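Please keep the model in view while working through the numbered points.

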Amino acid sequence: MIRTHAAGGDFGHLRAEFSLPESFGPEVLAEAEAAVVDPLESAGEREDATGLPFVTIDPPGAKDLDQAVLIERVEGGGFRVHYAIADLAAFIPPGGALDKEARRRGQTLYLPDGNVPLHPPVLSEGAASLLPGETRPAVLWTIDVDASGEPTATNVRRALVRSTEQFDYEIVQAAIDAGDPHPSVAALPELGRLRRELAIRRGAVELQLPEQEIGGDPDGGWALIQRPRNDVDAWNAEISLLTGMAAAKIMIGAGIGVLRTLPQPDAEAIEWLRRSAQALNIDWPEGKSVSEFLAALDPGQPASMALFADTTRLLRGAGYTAFDGELPALTTHAGIGGAYAHVTAPIRRLVDRFATEICLAVSAGREVPEWVRAALSEVPEQMTASDTLAAKVERACIDQVEAWVMAEHIGEEFDAIVLRADDSKSEILIENPPVMGKCAGEKPPEGERIRVRLTAVDVDKRKLSFERA
């Protein structure tokens, strides 16, 4: 793996470029400290669920732990999913300094040298985080699932929980592969596979593109890493999706809520994808849906990578749709294949706190709090703005590390996969190190492996230039 040197690894210029906040104001911090000592009583009575052996599954080193899970097998071949979600409403007075600052930020932003949190760390990494061995206020979802993976009953209420273990994805995967999973997630593979099969039948679209990540370098700099998604990643995501779909069903039934939506791709876009598959010599069997076709591809093949890159065209136009009364024209998310809402990451994402309060109120037969109703007209715009910023910051960080990594390798040649191409340039993925770039020259076939030469690096503008070798 090619690595950077320790020098030049500062992301402060990106924080300044995007005007990211450096800290929280004194009023926000004071309110957070007070909430730790005396959480809001308005959250109401809580069920004592501290006896349930929850575990968390997150990236290594994570401290802002939103979710804890326990999956039980039940008689008849079904499952009972217990999913505890951090209860931020227990710490944030509506209309207070914390609330206003969270609305301004929208979500946590992650940079290699430290995040820009949605909430002060005393909450996000402390009193609200579902850290192991700590009793925490939570919103507890219990979802009964039949032997086919379909939910049959949902219960959501406030509770006290205590996580017993903090795992990362690799640890859980290794334990499952060794035949020795933790009892709390021993049923995760079976349920995860069932939910994946249902997702494909629903028409869900999953793009299995390799993920670029930035890791610390032993020499003090930064390294680019291409991390393949393992099974536990996918299965764990299915538990979150199951909960988000249950939340959407509750809100649609009540006629009030905020959904994550995406329109269905039109026939022209799907036909364009078929032509792309044909050009890449990928067989698309007659009668196979987009979802079934994509799920059967080998994500490690160059042609598959190129087609997944093309498929992003089908997933444009995602947004947040709020309603109070009449249902909106669009209530579904085409990428998921059904109605869906964000409720499982309130430490890191603003909208989850409001959607969760709606589900709690509806499930308890109470009126939705007025402060939640009043926010519905603003939260979609706040989330859209923060999503846009988060995407820009993530891309800028990767582009910057790519420039640092490659700056000393001008003139060298690399193996690359052509993801997209037009008459004058192509988008390529270098395999080692995992770098995305533009290659000038005659249009090569998409999905083809080619040899390229790095001709220039502009570190300040975060730009790389390649040509066909």
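1. Two strands are said to pair if DSSP finds at least two bridges between them. Helices (H or I, at least four residues) and strands (E, at least two) are DSSP runs, numbered from the N terminus. In this structure, five strands close into a barrel in the order S11-S12-S13-S15-S14, and their pairing is mixed. From one strand to the next, the twist averages 50°.

2. The model is predicted: local features need pLDDT of at least 70 and side-chain atom pairs count only at pLDDT 80 or more, while totals for chains, interfaces and linings use all residues. Residues are numbered from 1 along each chain as its sequence is written, and side-chain values use heavy atoms, with hydrogens and water left out.

3. Val418 stands opposite Ile428 in S12. Helix H10 packs on the sheet, where it touches S11, S12 and strand S14 (449–458); contact here means heavy atoms within 4.5 Å. The direction of H10 makes about 45° with that of S11.

4. Helix H10 (residues 302–311) also packs with helix H8 (residues 267–279), at an angle of about 165° and with the axes 10 Å apart. Axes are lines fitted to C-alpha atoms, for helices over the stretch in contact, and angles run from 0 to 180 degrees between N-to-C directions. H8 and H10 are therefore roughly antiparallel, a term for angles over 145 degrees. Trp272, Leu273, Ser276 and Ala277 in H8 meet Leu307, Asp310 and Thr311 in H10. These residues divide into four nonpolar, two polar and one charged. Ala, Val, Leu, Ile, Met, Phe, Trp, Tyr, Cys and Pro count as nonpolar, Asp, Glu, Lys and Arg as charged, and the others, Gly among them, as polar.

5. How do H7 and H11 cross? The axes of helix H7 (residues 231–254) and helix H11 (residues 351–364) come within 9 Å and cross at roughly 65°. Ala247, Ile250, Met251 and Ala254 in H7 meet Ala355, Ile358, Cys359, Val362 and Ser363 in H11. By class, this contact has eight nonpolar, one polar and no charged residues.

6. Leaving aside neighbours within four places in sequence, the contacts of Ala84 include Phe54, Leu130 and Val161.

Notes:
Angles under 35 degrees count as roughly parallel, over 145 as roughly antiparallel, 65 to 115 as roughly perpendicular and the rest as oblique.
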